[in-house]
Amino acid sequence: EVGGGMGAVPEDEVFCEGLLREEKVVVLPGSCFRMPERKGELWFRVSVAVEVEVLGEACERIVRFCARWRAARGLGAAAVRCETVKSGKESGVKGSRVLQASAP
């Protein structure tokens with residue numbers, strides 16, 4: 001059983017397993033960090049301990065998977081995008097990728 005009810009698999013775990021299986025991207029479900037499960041919301045955590053290029057490819061794969069996930073559930077399109085954000089010299093980080101998602 002997915003979502004709701006005793007013994008049910010949280011929706012975020014199903015999402016993360018699907019992302020791994022279909023796009024080969026590993027993320028941790030928000031439920032691992034006690035993020036609340038609310039209707040219409042799904043949380044996951046991404047490790048950023050990889051090269052910027054690798055993270056960028058992962059972002060693109062997440063965007064593709066999100067589109068398929070929403071379409072399969074009849075949720076319509078969401079504003080999911082991935083962009084590069086340049087950080088300041090004081091941080092010592094050359095650049096990072098940011099995944100922004102929102103749904104109607």
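**Close-up views of the predicted model**

**View 1. Phe65 and Trp69 in helix α2.** Both residues belong to helix α2 (residues 52–72) and stand four residues apart, about one turn of the helix; helices (H or I, at least four residues) and strands (E, at least two) are DSSP runs, numbered from the N terminus. Phe65 is buried at 2% relative accessible area, and Trp69 is buried at 12% (buried is under 20%, exposed over 50%, partly exposed in between; 1.4 Å probe, protein chains only). This is a predicted model, in which local features need pLDDT of at least 70 and side-chain atom pairs pLDDT 80 or more, while totals for chains, interfaces and linings use all residues. Residues are numbered from 1 along each chain as its sequence is written, and side-chain values use heavy atoms, without hydrogens and water.

**View 2. The aromatic pair of Phe15 and Phe44.** The whole structure holds four aromatic pairs (rings of Phe, Tyr and Trp, the last by its six-membered ring, with centres within 6.5 Å; planes under 30 degrees apart are stacked, over 60 edge-to-face, the rest tilted). Phe15 and Phe44 are stacked, with 5.3 Å between centres and 25° between planes. The pair links distant parts of the chain, 29 residues apart: Phe15 is in helix α1 (residues 11–23) and Phe44 in strand β2 (residues 44–45). Phe15 is buried at 2%, whereas Phe44 is partly exposed at 25%. Ring pairs join Phe15, Phe44, Phe65 and Trp69 into a cluster.

**View 3. Arginines over rings.** The charged end of Arg45 sits over the ring of Phe33, 3.8 Å from its centre (CZ of Arg or NZ of Lys within 6 Å of the ring centre and within 35 degrees of the ring normal). Arg73 lies over the face of Trp69, 3.3 Å from the ring centre.
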